[in-house]
Amino acid sequence: MPRRRREPRRLPPLPASRRIEAGPDGYQYEVRSIAASRATKTYRCPGCDHEIRSGTAHVVAWPVELGDGEDRRHWHTPCWTNRATRGPTRKWS
């Protein structure tokens, strides 16, 4: 009996809280919105170098090429939105 040709596997659409965005650096990023009720830890935003305190809504982003989210970063939502127009974070000595 001949084998049937399989259709290419289609990935399900991303949930509304997840999306793919093109970054100003040319990379594609998967971005996930985190609701305040699900934010249980404190993180440091790479955009402004301030803390994202627990209970604060924010976004998590990582390069699509990595796929598994191993290199994900937590950002304040405005910092992520304006990352292309921001200058480097000033480091205090």
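Which residue forms a salt bridge with R19, and how far apart are the closest N and O atoms? I looked this up in a predicted model. The partner is E21, and the closest N and O atoms are 2.7 Å apart.

I then checked the surroundings of this pair. R19 is partly exposed at 30% relative accessible area, and E21 is partly exposed at 21%. For E21 I noted the cut-off: buried means under 20%, so at 21% E21 falls in the partly exposed class. R19 and E21 also belong to a network of salt bridges that includes R83.

Next I searched the whole structure for salt bridges and found 6. One of them joins E30 and R18, with 2.2 Å between the closest N and O atoms. I placed E30 in strand β2 and R18 in strand β1 (residues 18–22); the two are 12 residues apart, and the pair links distant parts of the chain. E30 is buried, with a relative accessible area of 9%, whereas R18 is partly exposed at 25%.

I also looked at E51 and R53, whose side chains form a salt bridge at 4.0 Å, N to O. E51 is partly exposed at 38% relative accessibility, and R53 is exposed at 56%.

Last, I turned to the nonpolar side. The largest nonpolar core holds 10 residues, among them Y29, V31, V59, A61 and W80. Strands β2 (28–34) and β5 (58–63) and helix α1 (77–81) are the elements that each give it two or more residues. I listed the contacts of V31 beyond four places in sequence: V31 touches V59, V60, A61 and W80, and also S17, R18, R19 and E21. R19 and E21, the pair I began with, are therefore within 4.5 Å of V31, counting heavy atoms.

Methods
Residues are numbered from 1 along each chain as its sequence is written. This is a predicted model: local features need pLDDT of at least 70, side-chain atom pairs count only at pLDDT 80 or more; totals for chains, interfaces and linings use all residues. Side-chain values use heavy atoms; hydrogens and water are left out. A nonpolar core is a set of buried Ala, Val, Leu, Ile, Met, Phe, Trp, Tyr and Cys residues joined through side-chain atoms within 4.5 Å. Buried means under 20% relative accessible area, exposed over 50%, partly exposed in between (1.4 Å probe, protein chains only). Helices (H or I, at least four residues) and strands (E, at least two) are DSSP runs, numbered from the N terminus.
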